[in-house]
Amino acid sequence: MKLVLPPRVSEATFQKALSAFTGVVGKEWVLATDEDRETFMDYYAAGDADLHVPSAAIGPQSTEEVQAILRIANEHKIPLWPISRGKNLGYGAAAPCMSGTVVLDLSRMKKIIDVNERFGYCVIEPGVGFFDLFHYLQENKIKLWMSIPANAWGSVVGNALERGYGYTPYGENTRNICGLEVVLPNGDLVRTGNGAMAKSASWNLFKYGFGPSWDQIFCQSNYGVVTKMGMWLMPEPEATLGLNIQLPNPDDVGWAIDELAPLRMKGVIEQSPSIGNSLRFVASRTQRSEWYTGDGALPDEVLVDILKKNNLGWWTINLRLYGYDEVNEAHARIIKEAFAKHTKQEFEVLKWHRGEPIDNSGAGVPATVALQIINWRGGRGGHIGFSPILPATSEHVLRQFHATKKRYEEIGVDYYGSFTLFERYTTNVNMMVYDRDDKAMTAKVRALFKVLIADAAKQGYSEYRTHISYMDDVALSFDFNNHALLRLNETLKDALDPNGILAPGKQGIWPRALRSERA
Amino acid sequence: MSEYGIKPDPTLLGCLTRVPLVMLMIACLAIAGAMARGRDDSTPKIEQGRKVFHERCGYCHLAGGTGTIMLARRLGKDRALLEERTDLTQEYIKKITRVGINGMPPHNRIEVPDGELDLIAIYLTRPASSRTSSGGAGQGATP
C-alpha cells in the first residue's frame, strides 16, 4: 500500500519524524514499506480497508521509548494509533481509524511484572497475550484463573481496555482493571488509583484512589497510552458444574432470559451464560455450500433441516457454576426447576473438581479455533459484529431478535446472533460472516450494519464496542442534550492532547484540529 | 463454549502447555542425534526455527489449532500440519506470512521480525535427515 500522509503533515516532515522515531527505537522497529503498511491494515474488513490506511508503524520496547515517541509526535504533529497486539479482529484489528496515522505497536512490551496469588492479581504490559499469561500461570502452578475471550490471540490489556469479555465469574474484563500506568499525550507518566502514591502498598488492590478515578477514562478512549495494567484474577474454585441445553424454538430465548436474568442478578449464576443461535455451531464446523447454495439469507426451513441433522436446537445455552460442590449442586437444582416450567429438554451436566485436568473445567483456556466461523461463506472469509446492550428481559430480547433477523433477511445475510447475560443487561452479538472478495456481499454487510445502528438507537440500544468504520455513527447515537457527552469527551481530549496526536477518531472522539475528519 | 460456539481444543492446550518441556526433550534428542550422525551446521538454526515456530505460529498451527483445522478442510488431513509438510518452500512461507492467506491474517515485522521468519522457514523446509526423531517434526506436532 502506497504511503498516505497524515492530515496537516508534509512528506518532508513525515520523513523527519520517522528519522526521529528511528533514533528512539532503532531502524529495525520503524516499519514504513508498502508491504509493512499492508500488514497493519484491517485484513478482515468488509470492503472498506482502504479507509483506514496506516502510514507506518513503530515498535517500542519500554515505557521510556513510548514517552520519547509521543514527544516527537507532538513536535511534528504525527498522529499515533496505539495497539497492544493488534488482534482486535472484527473491529479493525491493528488498523487506525484515520488514514495516515502511524501505528504504535506495543507488542514487544510483554513483561509479566508481578503475579500475586494471595491477592489474586497480575501486573502486565500490553504485549502480554492470553496464551503468554496462561502459560506463566500453568508453568508456575499459580492457582489463579483467567477470563479469556472467544479468540485468544490478542492482548490481555488490549482486550480489557476495549471492554472485551470472557465466560468465568470474572468475565467482564474491564471490571478487573485495578491500577494503570499511562503515558499521557504530552509524554508525562501517571499511575492511576493508589499507584499515584509512589510507595503505595495497595495499587492493585483498591481501584479508586483519592479523588477522581481514572481507570475507565483510559478504556475505549484516546487520552493516553497504557503501558502497565493491574488486573484481578479469579482464585481457582473448588469445583465447577456446567449446564448445557438446547432449546428447539426461536422464541424460547425469551423465557430463558426471563428465568436466567434474576438468577444471574442474585448470584445463583455468577458467570455470564451465552445463549447462541445454533448457526454458530454449524458455521464453525461446516461451510454454507454444504447445505445451501442460494442467494440471500439462509431460509428458515434450510436452517431447521441443518439443526435436525446435527441434533441441535434453535438456541444453545451454556452456563457454568463455580465454587463449592454443595453450593453448585443447590444452584443447579434451582436452575433446572426454573427451566422445567417451560421445557422437557434435559440439561447436559459437566462436573469438574480441583486436581482434575482443566480442559473441561470452565477455566479460561486460550484458543483461536473460534476463527473457524469465517470459513462459512468460503473464499477469503471475514467477520464483523454488531453488539448492542439490551435490558435483560424477554420483551427487549424478543423484539430485538426478531427485528434484527428481519433486517438480515431483507438485506440477504445469514442471521447469526447470541445473547450473553450479565447481571442486569445482555450483550446481543450479531455476527456477519462474509467472503471478503465478494463485493456485492460486503456492500450488503456494510448497509446492514448502518441500518442496525439506526434501528437499535430508536429503541434506546447502544453498542458496547464497534468496528473503526462505525465509531462516529455509534458515538453520534449518544444524543442526550445535543451530544453533551461527546462535547465533554472532546473538551477533555483538547485539554490532554492539544496537538491531537493520539488516536484521532477513536470512539468518535476527534481533536479540535481534526474534527473535519469526522465521518 | 464461546460466542462463536466452539470449545477450546484440549489437544491444542496440551501442545501449548507442554511446549517448554517438550522443547527441552527435543533439544536433548537433537543434540544426541547430531552427535550420533556428525554435526550438521544447519541444526542449530533448525532448532531455533522450531522454537520460534512454536512461539509465533503455535497459536494456530499445532495439532488441534485453527490453522490446522482450516488446512485439513481445504487441503486434506495429510497436508494440515505445517511441521509435517515437505512441499513448502522458504519463499512461499515468507510471502504467505507477510501477506496472509484465506483466514490467516498477515504478520508484520514487529511481531515476527525478518530474522525470526528466516528461522521459521528454515525449520519448515528442513531436510529429510532432520525429520527423524532427532529432527523434531513429529514430536513438535503432537507433543
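Helices here are DSSP runs of H or I with at least four residues, strands are DSSP runs of E with at least two, and both are numbered from the N terminus. This is a predicted model, in which local features need pLDDT of at least 70 and side-chain atom pairs count only at pLDDT 80 or more, while totals for chains, interfaces and linings use all residues. Residues are numbered from 1 along each chain as its sequence is written, and chains are lettered from A and ligands numbered from 1 in the order in which they are written.

**Stop 1: chain B.** Select chain B and colour it by secondary structure. You will find seven helices and zero strands, giving the pattern α-α-α-α-α-α-α along the sequence. Of its 143 residues, 47% are buried; a residue is buried with 20 or more other C-beta atoms within 10 Å of its own, exposed with 12 or fewer, and partly exposed in between, with C-beta atoms placed from the backbone.

Now pick Asn102(B), in the loop between helix 5 (90-99) and helix 6 (114-124) of chain B. Is Asn102(B) buried or partly exposed? Asn102(B) counts as partly exposed because it has 16 C-beta neighbours inside 10 Å. Its phi is positive, about 45 degrees, although Asn102(B) is not a glycine. Most residues other than glycine have a negative phi.

Stop 2: Select residues 112-116 and 121-124 of chain A, which are strand 5 and strand 6. These strands pair in the antiparallel sense over four bridges; pairing requires at least two bridges found by DSSP. Look for Val115(A), which stands opposite Cys122(A) of strand 6. Four residues lie between the strands of this hairpin, where Gly120(A) takes a positive phi near 65 degrees.

Stop 3: Colour chain A by domain: domain 1 (11-105), domain 2 (112-235), domain 3 (251-362 + 388-464) and domain 4 (472-517). Such bounds come from an automatic or database domain assignment. The C-alpha centres of domains 1 and 4 of chain A are 21 Å apart. Their contact takes eleven residues from domain 1 and eight residues from domain 4, where contact means C-beta atoms, placed from the backbone, within 7 Å. On the domain 1 side, helix 3 (63-76) and strand 3 (80-83) of chain A each supply at least two residues, and strand 3 gives the most, with three residues.

**Last stop: His483(A).** Zoom in on helix 13 (residues 480-496) of chain A, which holds His483(A). Although not a glycine, His483(A) has a positive phi of about 60 degrees.

Note on methods:
Two residues are in contact if their C-beta atoms, placed from the backbone, lie within 7 Å.
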